[in-house]
Structure formats: structure tokens, C-alpha cells
Amino acid sequence: MNSDSATREPHASPRFANFPFNPVRLPFFYGSVVLVCGTLGVLASAPGQTVGVSVFTDLLMQAHELSRSWISFAYLAGTIGSAMLISRAGHWYDRWGGRWVSAASAAVLALVLLGMSFSVEIANLAASMLPDGYHGYASFVVLTIGFFAMRFSGQGMLTLSSRNMVLEWFEQRRGLALALIGISVAFGFSAAPTVFEWLIQKGGWPWAWQVIAAGVAVYSVIAFCFGRSRPEDHGLTPDGPFAKEGRKTHAETLSGRQFTLAEARRTYSFWVFTFSVVLSGLVLTAFSFHVVSIFADAGMGRSEAVAVFLPAACVSVVVEFIGSWVSDFIKLKYLAMVQLIGIVVLSLSLSFLAPGLPVVFAVLGMGLMQGMFGIISAATWPRFFGRTHLGAISGFSTSVVVAGTAVGPYLFSVAHDGLGSYRPATLLCAATAVVLLAASPRADRPQ
């Protein structure tokens, strides 16, 4: 098997790599355990994702007596702040490995969620030290810091490290591993708002965040005990006994040149794929953030707006499973084209939204876009640029994507408030997707 294992160096603290047990001594390929552990890690990031934060937005507005615009701006500032650090934090992954970074990120996220459950008390304490009339500013600063920490540890480092940890253990079967992660995450993230809402109804939003924090802390222990960074650290190879010299696969899926971050950023394909993922995240976050308002402008109610997410998730699961499986046999640029077509379909459907067929196309477009997002944002970097600097490369790309998710809701709100409609923003997204679609045919793996 063509592998880059000979070029790899062990992570820091190798004497702890086999604590509390050595995976070599187990009678099965340990990559399957890492797959489960990494999947749980991505699911544990849900409280730091937009899908998890949005459940608490209105409650935070009431508790802190802040307007929607102030809450949105705090979320924007916190998210952009986290994006600025994720690229640098990717180097931590390269040095310490997915096991340690995943466990540490989950522990930090648990502490942040616990702190956010006391955000009102913290804001009141800060305001008591300031002149009268500054309570609102104190709340804004506290929430901005909280959103920054949630986005950095959850959406950023925990997601990046957990997913990359799995990709380290699979090469020829990387697409299949991504398919299994994608199915679990699609259903898990779809169920998260319902579970969080149930917890809120049972004990209030502070108690809900405390319970969620306890769950994330449990994952931190799981990652520490069962996570393993790279197979080479244990004398193993990617795919283990499942690796086959004669397995039918596309040459692009096998190990190639090991790029540094600086070398990767100088390639044409890096930016085509990065901007494709950025645009997808921007559109998805903006649509999710403003979905009720978008449907209201089209003469539809809240229930009709929320109802689009379940069928879109079903389409996404099917698309991601098929796309992940075929990614082992075809070039990734073809999957990127499918993602961009989904963005065009969704954006145009929202531009001319009305009851009936436009809603159906919106669901299909969202499903195509979401289904390919997980594949393109994960499989591209190890396949195109190798695993030696995977943390730095994927971290830089993730930082750009996170910034895009922060800009999306704000871009849509500016269009709506300034021009009276979301259509200028959605048409701009569709046009950008068309440009990237035209650039995709040349986005092959760099040599």
C-alpha cells in the first residue's frame, strides 16, 4: 500500500500514547473504535454549533434584556474571534494529536457551557462594578466572550480534532468512514434542538446547559481513554487489515505529496474547495438563522418554516452516504460540483420562495448542499495535501469557514433591513456558486 507512514513523526509525549492500554494488543483493528470515538466527538460539539446555540437565543435575549440585533452582533463578534484562532490551533493538532486535542476541547467546552449557565449572574457582577446604565454593555461583553469560547472549542477545535482523528486511521476506506460519521451527525444534529428544548422545559435554560455540560465532560473522558491519534504512533497503518493492494480505487485516494500549509495555500484547488465549503456554510447558517423570517416574507408560518429541516436532513443523509462511498472511487471535484449545484438550487428557491414547488426545491437544494458539506470539508485536506500537516491545513480552512458562518446571518439581515428583501443576498450567493462551479473542473489534486 502506498502510505506516508514513513514520513510521519510521533506526536509529543509518546510514552502516554498507549495509556491506559495498547491498541496493538487487541484482536481487531482499532480504527473502528476511533471511528466511534470521533463520531461521538463531532456530536458532542452540537452545543457550540449554530443548531445548538439557536435554541437558547430568545431566552438569552429575555434574561439579559438585549435586543435581537445585539445578540446577533455578539454571536458575530464571538464567531469571528474564534475563527481568527482556529488556524493557529490547528498546529496544536499536528503536535499533540487528535486524542489529546479532542479530550481537551471537550473539557473546555463543558466548562464554557457551565459558565454560560451563570452568564446572567456574571453580567450582574460585572455591571455592579461599573457606573449606572452599563448593564447592557456588561451583558454584551459576557455573551460575546461566551460565544467566542463556545464556537472555538465546539464548532472549531472539537469538530476538527474528532473528525481528523478518524481520517488519520483510514485511507482507502476514508469515504466509508465519513459516510458513517455523516449519517450519525445528520440525525444527531437534527435531534439536538428537540433534546435541548426538552431539557429547557424540564428545568430552565441554565439547568439545560449544565446537564449538556456534564454530557460533554463525559465525552472528554471517553476521548482520553479510547481515542488514539495516529496508527503510526502504535506501529499500525491506516485501514489495518482492510487495506488491500489490489482494491479498486481511484489513484487520487492514495497518499501523495505531503504539503505544508504555505504550500497548500499556493495551490488553485485549495481555494476552490475552501470557498465552496465557505459558501455552503454561509448559506446554511444564514438560512437557519433567518428561516422563520424568510418564510414569513413568502406568506408562510413558523411551523412551515421549521418543517423543512427534517426532510432536508433525510435528503442529506442519503446524499452524504452515497457521496462518501463513491468518493473512494472518483475525484472530489465532482462532489464539489454537486455541492455547488445544491447551493444554486437552494439560493434560487429562496429568492423566489412561495408555497408549493419552491419549497420542495429548497429542501432538495439544502439536502444536496448539506450532504456534500461533510465530505468536502473533511476528505479534501488529507487526500490533496497529506496527513503530516493535516491540523494546520484543515485548521486554516476551518477558520475561513467559521468566519463565513458568522458573516452569513449578518449579510442576510443587512439585505433585508436595507433593501426590504432577502433576495439580493440569495441571488448573490447563487451567482457566487455559479462562478465556483465554473472553476471546479480544474480543481484536481495538486502534484
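Which residues have the most contacts inside the largest nonpolar core?

1. This is a predicted model, in which local features need pLDDT of at least 70 and side-chain atom pairs count only at pLDDT 80 or more, while totals for chains, interfaces and linings use all residues. Residues are numbered from 1 along each chain as its sequence is written, and side-chain values use heavy atoms, with hydrogens and water left out.

2. The residues with the most contacts inside the largest nonpolar core, which has 51 residues, are Phe56, Phe147 and Trp209. A nonpolar core is a set of buried (under 20% relative accessible area, 1.4 Å probe, protein chains only) Ala, Val, Leu, Ile, Met, Phe, Trp, Tyr and Cys residues joined through side-chain atoms within 4.5 Å. Helix α7 (135–169) is among the helices that each supply at least two residues of this core, and α7 gives the most, with nine residues. A second, separate core of 39 residues includes Ala83, Phe152, Val319 and Phe384.

3. Leaving out residues up to four places away in sequence, phenylalanine 56 is in contact (heavy atoms within 4.5 Å) with Phe196, Ile200, Trp205, Ala208, Trp209 and Ile212.

4. Threonine 79 belongs to helix α4, residues 68–96, where a helix is a DSSP run of H or I with at least four residues, numbered from the N terminus. Threonine 79 is buried, its relative accessible area being 0%, and beyond its neighbours within four places in sequence it is in contact with Arg151, Val402, Thr405 and Ala406.

5. The side chain of threonine 79 reaches the backbone oxygen of tyrosine 75 at 2.7 Å.

Conventions: Buried means under 20% relative accessible area, exposed over 50%, partly exposed in between (1.4 Å probe, protein chains only). A polar contact is a pair of N or O atoms within 3.5 Å; within protein, one must be able to donate a hydrogen and the other to accept it, and residues adjacent in sequence count only if both atoms are side-chain atoms.
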